[in-house]
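Keep the structure in view while reading.

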Amino acid sequence: MESTRVDRWLWAVRLTKTRPDAAAACRGGHVRVNDRPAKPATTVSAGDEVRARVGDKTRVVEVVRVIQKRVGATDAATCYIDRTPAPPPEESTPVARRDRGTGRPTKRDRRILDKFRTGQY
């Protein structure tokens, strides 16, 4: 097998949960093949770069092997090389958080938050 539809391949290698989800991502402009917008019927072959936004992450993968049927997760991982860049490091500045359901801040809590915000903690 030399090529297959991109929506079928995304589903087969488990980048999307269902094939209709993969097709909807293509129609919504969330999938690119070799830096070109991809329709669900766009063909992919070995060596192509597929960029797909799945959920809130953008996955960049290179097609190594073309499959049409859904296979196990370990077999699916051998069909592509993940070239997704590492996420940027999160800032190390502390964030003021309160427990959920504790109600409005008291006067003491407000003073502590004000000290925290102005850097006097």
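Q: In this predicted model, which elements are included in what covers the buried residues of H2?
A: The buried residues of helix H2 (residues 19-27) are Ala22, Ala23, Ala25 and Cys26. What covers these residues includes a helix and a strand: helix H1 (6-12) and S2.

Q: Why are the buried residues of H2 on the same side, and what arc do they cover?
A: The residues in question are Ala22, Ala23, Ala25 and Cys26. They lie on the same side of H2 because the arc they cover around the axis is only 160°.

Q: Which residues are exposed on the other side of H2?
A: The buried side of H2 holds Ala22, Ala23, Ala25 and Cys26. Exposed means over 50% relative accessible area. On the other side of H2, the exposed residues are Pro20 and Arg27.

Q: Which residue just after H2 takes a positive phi?
A: H2 covers residues 19-27. Just after H2, a positive phi of about 85° is taken by Gly29.

Q: Which residue in S5 is the bridge partner of Val33?
A: Strand S2 (residues 31-33) pairs with strand S5 (residues 49-54) in the antiparallel sense. Three bridges link the two. In S5, the bridge partner of Val33 is Val50.

Q: Is Thr4 buried or exposed?
A: Thr4 sits in strand S1 (residues 3-5). Its relative accessibility is 4%. The cut-off for buried is under 20%, so Thr4 counts as buried.

Q: Which side chain makes a polar contact of 3.3 Å with that of Thr4?
A: Leaving out residues up to four places away in sequence, Thr4 touches Trp9, Thr42, Thr43, Val44, Val66, Ile67 and Gln68. The side chain joined to Thr4 by the 3.3 Å polar contact is that of Gln68.

Q: How many Å apart in space are Ile67 and Trp11, C-alpha to C-alpha?
A: Ile67 lies in the loop between strand S6 (57-63) and helix H3 (73-77). Ile67 is buried, at a relative accessible area of 10%. In sequence, Ile67 and Trp11 are 56 residues apart; in space, C-alpha to C-alpha, the separation is 9.9 Å.

Q: What distance separates the end C-alpha atoms of helix H4?
A: H4 (residues 107-118) has twelve residues. At 1.5 Å a residue, H4 should span 16 Å. The distance between its end C-alpha atoms agrees with this: 17 Å.

Definitions and conventions:
Residues are numbered from 1 along each chain as its sequence is written. This is a predicted model: local features need pLDDT of at least 70, side-chain atom pairs count only at pLDDT 80 or more; totals for chains, interfaces and linings use all residues. Side-chain values use heavy atoms; hydrogens and water are left out. Helices (H or I, at least four residues) and strands (E, at least two) are DSSP runs, numbered from the N terminus. Buried means under 20% relative accessible area, exposed over 50%, partly exposed in between (1.4 Å probe, protein chains only). A polar contact is a pair of N or O atoms within 3.5 Å; within protein, one must be able to donate a hydrogen and the other to accept it, and residues adjacent in sequence count only if both atoms are side-chain atoms. Contact means heavy atoms within 4.5 Å. The expected span of a helix is 1.5 Å times one less than its number of residues. Two strands pair if DSSP finds at least two bridges between them. The arc is that of the directions from the helix axis to the C-beta atoms.
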